[in-house]
Amino acid sequence: MECVEGLRRPDRGTISVLGLDPIRDVYELQRRIGVQLQAAQLQKRIKVWEAVDLWASLYRTAVNGDRLLEQLGLADKRNGWFMTLSGGQKQRLFIALALINDPEIVFLDELTTGLDPQARRAIWDLVRGIRERGKTVFLTTHLMEEAERLCDRVAIIDHGRIVDIGAPDALVSRHCPERSIVLATADAGAAARFRRLSSVETVAGDGFEFTITGHGDDFIRQVMQCLLDNQITVTDFRIVLPTLEDVFLKVTGHSIRD
Amino acid sequence: MLRGLWKLTWLEIKIFVREPMGVVGTIGIPVLLFVLMGRIFGGQLQTGSPRLRSFMRLEMPVFAAVLIALSAVLSLVTIVSIYREGGILKRLRATPLRPHTILAAHVIVKLLFTALTLAAMFIAGRRYYLSIGDASVFGFAIALLVSTFSILSIGFVIASLVPTARFAQPIGTLILYPMIGLSGLFVQIDTLPTPLQIASKVMPTTYAVSLLKGMWRGDPWSAHAVDIAGLLVVFGVCVAISSRVFRWE
């Protein structure tokens, strides 16, 4: 990501962002992009408005800083020192700084790492807001839920290489096409009937609660039809869909990595 | 990118002033010490031995000036390390700010507070030490500026190489302060052993002390061409080194 932003020289290969070379055209590029860096800090005693004001002065065009702070819920922290902000407030300030020049692309590097669920959700809303204003958002995250909720396109990177790239749904159906249904029934013959269905692969259970896995678009309909046709009474019925996290674990392996 | 420079410089000044202990340490304590020394030894300016009188008139102000310049350099080394470690340098670099603008702002802030400290010291110390008779304050100030730039360039080499902020201060102290001992301020350089004489020749403080003494005595600039050349060479070499090895993160 830092290579793409022009902050680090790549070992090899070429990069083109908005038609620019991040190393050769770094100043032109930095005018047109907004950047939020992973684990960055500002001067402890810089005030929020001073940071926004400094950043605004560095670009040829800048949006209204006060309005930006208001949109990001930082208006009442305008005169606060950076060191007095909470983690979520710091991240929102960094988003403000990344947006101050009305960039064409916004790079967000592990934006919500270390934030509590409320702050994370608030920041997700902000990112959706940026997207709706027609900006391209390029973000990295370890949270598959975050990628699934925010991204139109996801690239899974393992040991520095892109393993696969695509829309979250497409990745899921490509790597984890199987669906599961968890249901509870006292009907003794139910398991045998499920096994006869063409789209069902496995049926596991303890005689009361069953997990049925299968694949294909017809799988769920077949199971439901089977329940209706045979008048099987169920006390629980859940469809479990694979998530991007399942895809990630499947394509990168399950071992713990650094 | 001048606008960014002034804005950043002004901001750094404000941020510096917001830390009261820093201001007291930078300006208050040196002035206080200077005045105290003046009170204790001031009476001997007329009655003391000729050696002491000459020391008070000449070496003392030069010593104070070099000391203040060194401590400014040291504090710059520390602040650059802290900014680097905290990712502040990196964040600033991911803007259209040119790298040298970021560093220049810090240099200007340090020079400004050095000038302020010295002005305060000399105003406060005037009663005790100086008969500014032949000394050209303007010439002295310019000489000090050139000297500080030269010493500062060593500071940048240290800041480039020292891995963490925690190390920056002690290593900076260890490298910078012994330079005073070899600068010819207290011990004549030609009485030192040969290796130390050579070491003394490559240190900017040696040329700084000679130049500052000269300016204080009211020598013409032409008498100190060698000193100025020495300071410029050190500056050139150190800037060349640090622009190659400086790390932003």
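Which helix of chain A lies across strand 2 and strand 3 of chain A? Helix 5, residues 117–132, does so, running at about 145° to strand 3 of chain A. Angles here run from 0 to 180 degrees between N-to-C directions, with axes as lines fitted to C-alpha atoms, for helices over the stretch in contact. Helices (H or I, at least four residues) and strands (E, at least two) are DSSP runs, numbered from the N terminus.

Before I continue, a word on conventions. This is a predicted model, in which local features need pLDDT of at least 70 and side-chain atom pairs count only at pLDDT 80 or more, while totals for chains, interfaces and linings use all residues. Residues are numbered from 1 along each chain as its sequence is written, chains are lettered from A and ligands numbered from 1 in the order in which they are written, and side-chain values use heavy atoms, leaving out hydrogens and water.

Let us turn to the sheet of chain A. Three strands form an open sheet in the order 1-2-3, with parallel pairing; two strands pair if DSSP finds at least two bridges between them. At the edges stand strand 1 (33–36) and strand 3 (136–140) of chain A, each pairing on one side only. From one strand to the next, the twist averages 15°. Strand 1 of chain A pairs with strand 2 (residues 105–109) of chain A over four bridges, and V35(A) stands opposite F107(A) in strand 2 of chain A. Helix 4 of chain A packs on the sheet, touching strand 1 and strand 2 of chain A (contact means heavy atoms within 4.5 Å). Its direction makes about 165° with that of strand 1 of chain A.

Next, consider one loop residue. T84(A) is placed between helix 3 (65–71) and helix 4 (87–99) of chain A. Not counting residues up to four places away in sequence, T84(A) touches K77(A) and Q89(A).

Finally, we come to chain B. Helix 2 of chain B, residues 20–41, bends by about 35° at G28(B), and the proline P30(B) follows within four residues. The bend is the angle between axes fitted to the seven residues ending at a residue and the seven starting there. Among the buried residues of this helix are I27(B), V31(B) and F34(B). Their cover includes helix 4 (50–85) and helix 6 (99–125) of chain B.

Key:
The expected span of a helix is 1.5 Å times one less than its number of residues. Buried means under 20% relative accessible area, exposed over 50%, partly exposed in between (1.4 Å probe, protein chains only).
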